[in-house]
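Subject: Structure handover

Hi,

Here is the structure for you to look over. My notes follow below it.

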Protein chains: 2
Amino acid sequence: MRFTAGGDLRFSPPNGHSPIASFTTMLTLFHYPVFAGCRFIRLAFGEYGEDLALIEEKPWARRKEFLTLNPAATLPVLLAEGDIPVIGAPVIAEYVDETRGIMKREKRLFAENPMDRAEIRRLMSWYLEKMENDVTRHLVRERVLKPLIPGAEGGGSPDSSAIRAARANIRQHMKYTNYLAGTRNWLSGSRLSYADLAAAGAISVLDYLGEISWSDYPAAKDWYVRVKSRPSFRTVLNDRIRGLPPVSHYADLDF
Amino acid sequence: MRFTAGGDLRFSPPNGHSPIASFTTMLTLFHYPVFAGCRFIRLAFGEYGEDLALIEEKPWARRKEFLTLNPAATLPVLLAEGDIPVIGAPVIAEYVDETRGIMKREKRLFAENPMDRAEIRRLMSWYLEKMENDVTRHLVRERVLKPLIPGAEGGGSPDSSAIRAARANIRQHMKYTNYLAGTRNWLSGSRLSYADLAAAGAISVLDYLGEISWSDYPAAKDWYVRVKSRPSFRTVLNDRIRGLPPVSHYADLDF
């Protein structure tokens with residue numbers, strides 16, 4: 001519950017001395033590999049065949065230049081055209097749809113009509129907020145970050161009761177994913193959408209950590225195999241956490 | 001961190017036996033008066049001059065019909081055209097913009113260009129997620145809900161350390177609001193937008209509870225007086241919590 005924006009509350013676009021050299025027209029994403037929302041955005045750009053310059057940011061270090069871009073100190077942050085920051089996975093997803101998705105016709109990751117868009121947004125929020133708060137961020141904090149980061153920045157021994165509580169919640173989320181995958185072609189309907197990529201962003205983090213008993217969720221497994229086999233997923237399957245190798249089937253397309 | 005969707009994970013639009021009689025064409029909002037996101041949506045419809053049928057829902061009671069509409073058991077939920085549920089304040093806001101806002105010209109509560117839209121979305125998320133998690137939901141839970149609701153549904157004695165932690169965070173959020181209000185005409189720029197209504201939704205809840213020291217934030221106060229004076233705000237100023245009257249200046253337009 002600690003307020004995480006620190007002392008510098010000004011929000012101002014970078015003044016031309018951006019931390020990114022301007023010799024490239026590639027967009028830049030500040031991300032951290034095991035955050036669900038960051039994976040979601042990498043997958044979305046991957047689906048559209050657009051390369052991103054990736055900068056690994058450790059938000060707990062509270063780097064001053066990063067806080068100037070995003071006083072909330074959250075990830076991901078996209079430096080968009082003009083190096084103006086676009087902040088937060090759902091906000092970036094909307095921006096990418098408005099500037100790119102609308103030109104993609106049947107490859108668009110968002111729907112055309114308002115009710116279908118609402119359903120995709122509901123599921124983005126389910127996986128990136130609800131599942132995040134019920135499960136993902138607790139397991140990432142306790143199992144990945146605490147052992148990695150200095151005590152002064154929030155590191156320390158994992159809290160086993162937080163791990164237990166998060167694990168108890170995984171089952172309901174996977175049952176729900178299994179229900180969706182069993183009744184629809186993709187999670188939000190007939191077409192691959194942001195809903196699938198947001199869900200896969202979160203679930204791939206938990207899968208890396210070996211937290212998912214796939215045999216209990218056959219329809220979800222079939223759906224995840226399909227998402228995982230897409231070329232956009234390769235970069236995510238190559239992510240490695242120092243000192244914490246993935247579960248053995250993590251990068252297998254057939255597991 | 002308890003998983004809140006309960007056993008019934010099916011998500012299906014109501015089958016015609018909706019809890020709402022169909023003699024009206026008014027849209028229906030399931031809400032609870034002291035939730036920031038619910039206030040935000042009431043304000044948005046108010047700005048567009050559209051009446052809503054309001055149903056007060058107590059999500060902690062886990063009413064079965066409500067869980068069928070929204071397995072996440074969160075508020076607000078809008079029953080839109082065709083009685084299909086649209087779930088969550090930011091998702092409802094996007095839906096309202098796509099079905100109504102785009103016709104409102106200079107009264108539209110959203111911007112036209114993608115970067116300005118991203119800034120409005122960033123601020124919606126700031127007030128409805130970050131401030132919610134840092135401050136609002138803790139004070140609402142401890143000061144409003146726990147005394148009201150039965151022990152079996154999560155009621156009980158307020159946790160004074162949670163109240164203290166939330167109060168310590170208010171200051172940074174109000175400083176940030178004061179900074180925005182002091183450098184822009186409205187919080188996201190030159191025009192009233194969803195950013196103002198989301199912020200006012202959250203801040204009005206804290207103000208009801210007497211948690212804001214307005215004299216420390218003169219620019220934020222000036223901004224809040226302007227928002228509060230709008231006709232759309234009247235219904236929010238009339239909200240009363242049983243057994244917990246608002247701070248004396250709550251409904252004063254000049255305080």
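Where on chain A does UniProt place the feature "domain: GST N-terminal"? The unreviewed entry puts this feature at residues 25-104. UniProt positions follow the numbering used here, feature names are shortened, and annotations may be inferred rather than shown by experiment.

Conventions: this is a predicted model, where local features need pLDDT of at least 70 and side-chain atom pairs count only at pLDDT 80 or more, while totals for chains, interfaces and linings use all residues. Residues are numbered from 1 along each chain as its sequence is written, chains are lettered from A and ligands numbered from 1 in the order in which they are written, and side-chain values use heavy atoms, with hydrogens and water left out.

Chain A, domains

Residues 25-104 of chain A are 36% helix and 20% strand, with end C-alpha atoms 20 Å apart. Helices (H or I, at least four residues) and strands (E, at least two) are DSSP runs, numbered from the N terminus. From the same record comes "domain: GST C-terminal" (unreviewed entry), at residues 113-247 of chain A. That span, 113-247, is 66% helix and 0% strand, and its end C-alpha atoms lie 40 Å apart.

The domain assignment of chain A gives domain 1 (27-107) and domain 2 (114-237); such bounds come from an automatic or database assignment. Their centres, taken over C-alpha atoms, are 18 Å apart. Domain 1 of chain A puts 21 residues into the contact and domain 2 of chain A puts in 26. Contact means heavy atoms within 4.5 Å.

Chain A, a helix pair

The axes of H5(A) (160-183) and H7(A) (218-228) come within 7 Å and cross at roughly 70°. Axes are lines fitted to C-alpha atoms, for helices over the stretch in contact; angles run from 0 to 180 degrees between N-to-C directions. So H5(A) is roughly perpendicular to H7(A) (65 to 115 degrees). Among the contact residues are A:Met174 of H5(A) and A:Trp223 of H7(A).

Chain B, the sheet

Four strands form an open, mixed sheet in the order E2-E1-E3-E4 (chain B). Two strands pair if DSSP finds at least two bridges between them. E2 (52-56) and E4 (85-87) of chain B are edge strands with a single partner each, so one side of each has no neighbour in the sheet. The twist averages 25° from one strand to the next. Helix H1 (36-47) of chain B packs on the sheet, touching E1, E2 and E3 of chain B.

Best wishes

Notes: Angles under 35 degrees count as roughly parallel, over 145 as roughly antiparallel, 65 to 115 as roughly perpendicular and the rest as oblique.
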